[in-house]
Amino acid sequence: MKEAAAGLGHLLVFAFLFCVGAFMVAPVITDVTMAALCPGQDQCSLAIYLTGLQQAITGLGALVVTPVVGNLSDRYGRKALLALPATLSIVPLAILALNQTRPYFYAYYVAKTLTAMVSEGAMMCLSLAYVADKVPEAQRPAAFGVFSGVCTAGFVAGTIAARFLSVSSTFQVATLSAVAAVVYMRAFVQETDRGASLMRDEEASLLLFAPSSSAEELSPMLPPLRKAPSLSEMVALLTSR
C-alpha cells in the first residue's frame, strides 16, 4: 500500500503541473484571439465562429479518440499512453510562447484543435485508470476525490499566476509547466500492472476466508480487450435518453 501511495503521489504532482500549464492560458486567450483576428475592435464575429468550430471539432474528436486511447493503455500501459496527451499539449502553448501575431495564432489554432482531441479527454481518462490500478476498490472513491482536488488546485494556481504575468510571459510559463509535467512523469511515475497485484490480494483474501472453494472458481480473470466502440455505438450513446 505504501508503494501505491508513493506512485499516486507522483501522479498527483504530474497532474498538478499539467493543469497549471493547461489552465494558465485560459484567462488571456480571449485577448490574444481578439488582437490577432480583429485588432482594435471590441467585437469580432470571426473569433466567435472559430472558437465555436474548434470546440465542436475537439468534442467530436475526443469522442472518437478517447476510447481508442483507453483500449491501447490496456495493452501498452497507462504511463506509455499518458505521455502522448502530455507531450502533445506542449505544442500549441509553445507556438504562442514564440509570438502572438496572426500567422502564429492560426498555427496555434490548428495545433490546438488537433492535439486537444487527444489531450483533453485522454488525460483524465488515463489518470483515473492509473488510480484504479493502484488503489483497492474500497478506497477508490477517496482517491478519485483527491485526484480531482489536485486538478482543481492546478486550475486555481494557473488562473492566479496568469493575473501577475504578461500575455507573452503567460504562454512561456505555461509551456515550461507542461514540459516539467512530461519530464516529471517520465522520470518518477511508475508503470502499473493494470490492477493485477490488487486482484492477487483479493484472491488471497478469498482463499483465506473460503478455503473450501476451488482455486479455479476464485481466480479472477482479466476481461478481454474490447474493440474500440463503433461509430453506430457512439451515435446510439449520444441519442439515448
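Trainee: What makes up the secondary structure of the protein chain, helices or strands?

Mentor: There are 11 helices and zero strands in the protein chain. The model is a predicted one. Read from the N terminus, the elements run α-α-α-α-α-α-α-α-α-α-α. Buried residues account for 38% of the 241 residues.

Trainee: Why are α2 and α3 called oblique to each other?

Mentor: Helix α2 covers residues 26-37 and helix α3 covers residues 45-76. Their axes cross at roughly 125° and come within 9 Å. Roughly perpendicular stops at 115 degrees, and roughly antiparallel needs over 145. The angle falls between those limits, so α2 and α3 are oblique.

Trainee: Which residues make that contact?

Mentor: Thr33, Met34 and Leu37 come from α2. Leu46, Ala47 and Leu50 come from α3. By class, the contact has five nonpolar residues, one polar and no charged. The crossing of α2 past α3 is right-handed.

Trainee: Which residues of α2 and α6 are in contact?

Mentor: On α2 they are Ile29, Val32, Thr33, Ala36 and Leu37. On α6 they are Arg102, Phe105, Tyr106 and Tyr108. The classes are seven nonpolar, one polar and one charged.

Trainee: How many aromatic pairs does the structure hold?

Mentor: The structure holds six aromatic pairs. One of them joins Phe23 and Phe155.

Trainee: Why is the pair of Phe23 and Phe155 called edge-to-face?

Mentor: The planes stand at 90°, and edge-to-face needs over 60 degrees. The centres are 5.2 Å apart, within the 6.5 Å limit for a pair. Therefore the rings pair, and the pair is edge-to-face.

Trainee: What parts does this pair tie together?

Mentor: Phe23 lies in helix α1 (residues 2-24) and Phe155 in helix α7 (residues 140-163). The pair therefore ties together parts 132 residues apart in sequence. Phe23 is partly exposed at 33% relative accessibility. Phe155 is partly exposed as well, at 40%.

Trainee: Which residues do ring pairs link into a cluster?

Mentor: Ring pairs link Phe105, Tyr106, Tyr108 and Tyr109.

Trainee: How do you know that Ala178 is buried?

Mentor: Ala178 is found in helix α8 (residues 167-188). Its relative accessibility is 4%, under the 20% cut-off, so Ala178 counts as buried.

Trainee: Which residues does Ala178 touch?

Mentor: Leaving out residues up to four places away in sequence, Ala178 touches Ser89, Ile90 and Leu93. Ser89 is 89 residues from Ala178 along the chain. Their C-alpha atoms are separated by 7.2 Å.

Note on methods: Residues numbered from 1 in each chain as written. Predicted model: local features only at pLDDT ≥ 70, side-chain atom pairs only at ≥ 80, totals over all residues. Heavy atoms only, no water. Axes fitted to C-alpha atoms, helices over the stretch in contact; angles between N-to-C directions. Helix = DSSP H or I, 4+ residues; strand = E, 2+ residues; numbered from the N terminus. Parallel < 35°, antiparallel > 145°, perpendicular 65-115°, else oblique. Left-handed = near helix turned anticlockwise from the far one by under 90°. Contact = heavy atoms within 4.5 Å. Nonpolar A, V, L, I, M, F, W, Y, C, P; charged D, E, K, R; others polar. Phe/Tyr/Trp six-rings, centres within 6.5 Å; stacked < 30°, edge-to-face > 60°. Buried < 20%, exposed > 50% of the residue type's maximum accessible area, 1.4 Å probe, protein only.
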